[in-house]
Amino acid sequence: MAVQTVASTTESAVDLGPAAALSCRECGHRVPLGPVFACEECFGPLEIAYDFSAYGTEELRKRIEAGPANIWRYAPLLPVPADVAGKPNINPGWTKLVQADNLARELGVDPGKLFVKDDSGNPTHSFKDRVVAQAIEAARAFGFTTLSCSSTGNLAGAVGAAAARAGFRSCVFIPHDLEQGKVVMAAVYGGELVGIEGNYDDVNRFCSELIGDPAGEGWGFVNVNLRPYYAEGSKTLAYEICEQLGWELPDQIVIPIASGSQLTKIDKGLQELIGLGLVEDKPYRIFGAQAEGCSPVSTAYKAGHDVVRPQKPDTIAKSLAIGNPADGPYVLDIARRTGGAVEDVNDEQIVEAIRLLARSEGSSRRRRGRDRGGHQEAPGERCSRPVLDHRRAQHG
Ligand SMILES: *Cc1c(COP(=O)(O)O)cnc(C)c1O
Ligand SMILES: [Zn+2]
C-alpha cells in the first residue's frame, strides 16, 4: 500500500488504477503517466509500469472471477480507474475459447488440445476493441476530445465505435486503397474517415507528424501518443485464455503479427499471471504468424537477425500489412526466449486456412464456450451459437 501512495503522489497525478508510471523498454528511464510514447533519453518505446504490490493471489483471483463478463474483470491489472466498468465504453472481451476438435483432427493434433480464441465476438468483431477500450480511458484521463488513429482497417472501426459510445469526436486515417467492406465498417459510426495516398506505413508517419502540429491539439492517437495504454489491452487475451483454461498456461500459442504489439503484450500478460501466482509457472512457447507478402519479422527470424528490415507489403491479409513493425525486435526476442518461432504463409495458404477453419468448425453446433477446468458459471459458457457466423466474413 505504501508503495502505491508514493508512486501516485510523486510520479503521476492521473488515476489509471495500478499504472504507476511509464518506463522505457530499452533503458528503464521512468516518466509520469502522460500522452507520451518515446523515451526522451534513448527514443525507446515507453511501457506502463505497474504497482501490483497490494494484491494477494487468492483475493485477486476471486475479484477477477466476480467481475463483469468483459475485459474489465481484469481492471486490477490494467491502466484504468477502478470504477471503469461504470463508464461509457464498448466493454469488449470475454470472447469464447473454442475447443476446436474437428480442426484438431484435420491437423493431426490430439482432441481436446487445440483451442481457437474467437475474437469476432467483440463489438466491432476484431481484437482491436480490446486495445481501443484502454485508449479511451487514457484519452479521458488526459482530457482529449478527439480520438484518432492510423489503421489497416479493423482499428478504424474500433475507434469509430468507441468514440461514438464514449462521446469523443473521431477522425481516422486509412490507406486510400483499403477494401470497401472495411471502409463501410468504419464509416458507419459517423466519425471522419480520411484516405491517405500510400500504404499503412505512410499513413502512420503522417499521424506522427500531426502530433507535434497545432492541428493535432486535443487529439489522442490511440496507436501513437496513447500507444503505451492502448497496447496493454492485448494482455487481456492472455488473461482470458488462462482463466478459460482453468487458470492454466497454454503449452503453445500462435499469434498473428502486424506491428507485433499483440504478441509482445500476450507474453507480458502471461508473465504477469505467473508473477502474481494466478497460474503455475511452466514453460510455454510463443509462435508468430505473418503473411509471406508482408513478412519482415519472420524473414529476420529465419535469417537469425536481431534487427527487422522494413518491407513493402503485398498481401490479401491487409489487417496484418505493416511493413515496418514497431515491436518486431521484441517479437524475435520472445519467440527465441520461449522456444517458439516466426513463420509466414502465402496468400493461397491463407485462403485455404480460412476454408479449413470454416469447413471444420463453422457448422459446429456443439455446446462449447470453454471446456476445461472449473468455473461452471463462466459467462462465456452460456453461449452456444456456431463458432463461425456471418461476421467472420469481415475478417482478413
Ligand atoms: C491488428 C490486428 C492484429 C495484430 O496487430 P499487432 O499490430 O501485431 O498488435 C492481428 N489480427 C487482426 C485481425 C488485427 O486487426
Ligand atoms: Zn530509454
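Predicted model: local features only at pLDDT ≥ 70, side-chain atom pairs only at ≥ 80, totals over all residues.
Colleague: How many helices and strands does the protein have, and what makes a run count as one?

Modeller: There are 13 helices and 12 strands. Both are DSSP runs numbered from the N terminus: a helix is H or I over at least four residues, and a strand is E over at least two.

Colleague: Where does Lys128 lie, and what does the record say about it?

Modeller: Lys128 belongs to helix α4, residues 128–141. An unreviewed UniProt entry carries the annotation "modified residue: N6-(pyridoxal phosphate)lysine" at Lys128. UniProt positions are given in the numbering used here, feature names are shortened, and annotations may be inferred rather than shown by experiment.

Colleague: Which residues is Lys128 in contact with, and what makes a contact?

Modeller: Two residues are in contact if their C-beta atoms, placed from the backbone, lie within 7 Å. Leaving aside neighbours within four places in sequence, Lys128 is in contact with Asn154, Leu155 and Ala158. In the protein, 65% of the contacts with a separation of 6 or more are between residues 24 or more positions apart.

Colleague: Which residues come nearest to ligand 1, and how is its shell made up?

Modeller: A residue is near a molecule if its C-beta atom, placed from the backbone, lies within 6 Å of it. There are 14 residues around ligand 1, and Asn154, Ala258, Ser259, Ser261 and Gln262 come nearest. The shell has five nonpolar, eight polar and one charged residues. Here Ala, Val, Leu, Ile, Met, Phe, Trp, Tyr, Cys and Pro count as nonpolar, Asp, Glu, Lys and Arg as charged, and the others, Gly among them, as polar.

Colleague: Why is α5 described as largely enclosed?

Modeller: Of the 13 residues of α5, 10 are buried, so the helix is largely enclosed by the rest of the structure. Asn154, Gly157 and Ala163 are among them. The buried residues of α5 pack against α4, β6 (146–150), β7 (169–175), α6 (180–187) and β8 (192–196).

Colleague: How do you know the span of α5 is close to what is expected?

Modeller: The expected span is 1.5 Å times one less than the number of residues. Helix α5 (residues 154–166) reaches 18 Å from its first C-alpha to its last, close to the expected 18 Å. Just after α5, Gly167 takes a positive phi of about 80 degrees.

Colleague: What makes a nonpolar core, and which residues of the largest one touch the most other members?

Modeller: A nonpolar core is a set of buried Ala, Val, Leu, Ile, Met, Phe, Trp, Tyr and Cys residues joined through C-beta atoms within 7 Å. The largest has 98 residues, and Val132, Ala135, Val159, Ala162, Val172, Val222 and Val331 touch the most other members. Helix α4 gives the most to this core, with eight residues.

Colleague: What is noted about the phi of His125 and of Trp247?

Modeller: Most residues other than glycine have a negative phi. His125 has a positive phi of about 70 degrees although it is not a glycine, and phi of Trp247 is near 55 degrees, also positive. His125 is in the loop between β5 (115–117) and α4, whereas Trp247 is in the loop between α9 (235–244) and β10 (252–256).

Conventions
Residues numbered from 1 in each chain as written. Chains lettered and ligands numbered in written order. Buried ≥ 20, exposed ≤ 12 C-beta atoms within 10 Å, placed from the backbone.
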